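Hello,

Here is the structure I promised to pass on to you. Have a look at it first, and then read on for my notes.

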Amino acid sequence: MTQTTPTQEHTALKVTHLSVDYGDVHALDDVNLTLQSGKLCALVGVNGSGKSTLLKSILGLVKPTTGTITIGGLNPARARAAGRIAYVPQNEDVDTTFPISVEDIVISGRQRHMGFLRRPRKADKNAVDQAIEMVGLTDLRHRQIGALSGGQRKRAFVARGIAQDAQLLLFDEPFAGVDHASEQTIRTLMRGLATRNKTLLVATHDLAGLSTFADEALLLAGRVLIHDTPDIVCTPEILAQVFGIVANKSTSNSTEN
Ligand SMILES: Nc1ncnc2c1ncn2[C@@H]1O[C@H](COP(=O)(O)OP(=O)(O)O)[C@@H](O)[C@H]1O
Ligand SMILES: [Mg+2]
């Protein structure tokens, strides 16, 4: 008699013994992480703790020094080619001088669906319209990216992720430089995606309201300090410890020894 659709939980993302170096900078150290489908995991940590590096490694944009990453059983390059991963970049990584409209951004999420000629079909157009409507940008769909507010731009990328129908969605600081209304819209959309069995990894240094928003939280300081429920991760003791650890880490970067 139950009305709920049974969704099968499976491993959506598995990161094993991941280390990343940028020349002399050891950005990630032996990171292990498993995420199940339908879960929203907040990736928290101070600036420089490796959040963006982890997301870029999962996307295949950064090459690991050691370790493996699988997305639904595929490696990052294959998963990306198959359209399994959607990425909402941080605002600083978006070229706002590029002449591209909201609609163009969202259509780019349909590339893998469009077939050989890359010409949008009815299903693609519908998916694009629906996604733009969901993020509340219908009136601005022809506006250029450079003429959008930070929050509107972020919503355009969220719409791209929705239109893409990816299994794993990666968000890099989605609430930074975003107005309150956009933040609420994005939070609600993210929860809706998790309900539809999508997996979300959301890098943020914004800890407010984490326990109502995220299913789990992973605290990063170059390595994984703790990965548990937000309530357990966000205790004052643990957070104080993190700032201590990061301060120690940066002083140990000194070449003097
Ligand atoms: N392209 C790069 N070249 C060299 N070092 C980098 C590069 N990107 C990031 N880093 C360094 O790697 C570490 C982790 O950075 P990042 O992943 O951006 O952290 P976060 O997103 O948590 O702020 C920092 O010490 C940063 O300075
Ligand atoms: Mg970052």
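This is a predicted model: local features need pLDDT of at least 70, side-chain atom pairs count only at pLDDT 80 or more; totals for chains, interfaces and linings use all residues.

Next, the ligand, which I expect you will want to look at on screen.

Around ligand 1 you will find Tyr-22, Val-25, Ala-27, Val-46, Asn-47, Gly-48, Ser-49, Gly-50, Lys-51, Ser-52 and Thr-53. Sorted by class, this shell has four nonpolar, six polar and one charged residues. Several polar atoms of the protein can be picked out beside oxygen atoms of the ligand:

- A polar side-chain atom of Thr-53 is 2.5 Å from an oxygen atom of ligand 1.
- For Gly-48, a polar backbone atom lies 2.7 Å from an oxygen atom of ligand 1.
- For Ser-49, a backbone N or O atom is 3.2 Å from an oxygen atom of ligand 1.

On its own, ligand 1 would expose 550 Å², and the protein buries 58% of that. Two elements give two or more residues to the shell, namely strand 2 (25-36) and helix 1 (51-59). Helix 1 contributes the most, with three residues.

One residue of the shell deserves a second look. Ser-52 is among the residues surrounding ligand 1 and lies in helix 1. Which residues does Ser-52 contact, leaving aside its neighbours within four places in sequence? They are Gln-90 and Asp-172. With Asp-172 there is also a polar contact between the side chains, at 2.7 Å.

Finally, a hairpin to look at. Strand 8 (residues 216-220) and strand 9 (residues 224-228) run antiparallel to each other and pair over four bridges. In one of these pairings, Leu-219 has Ile-226 in strand 9 as its bridge partner. Three residues separate the two strands of the hairpin, and in the turn Gly-222 has a positive phi of about 80 degrees.

Best wishes

Definitions and conventions. Residues are numbered from 1 along each chain as its sequence is written. Chains are lettered from A and ligands numbered from 1 in the order in which they are written. Side-chain values use heavy atoms; hydrogens and water are left out. A residue is near a molecule or strand if one of its heavy atoms lies within 4 Å of it. A polar contact is a pair of N or O atoms within 3.5 Å; within protein, one must be able to donate a hydrogen and the other to accept it, and residues adjacent in sequence count only if both atoms are side-chain atoms. Accessible areas come from the Shrake-Rupley method with a 1.4 Å probe; for residues, only the protein chains shown count as cover. Ala, Val, Leu, Ile, Met, Phe, Trp, Tyr, Cys and Pro count as nonpolar, Asp, Glu, Lys and Arg as charged, and the others, Gly among them, as polar. Contact means heavy atoms within 4.5 Å. Two strands pair if DSSP finds at least two bridges between them.
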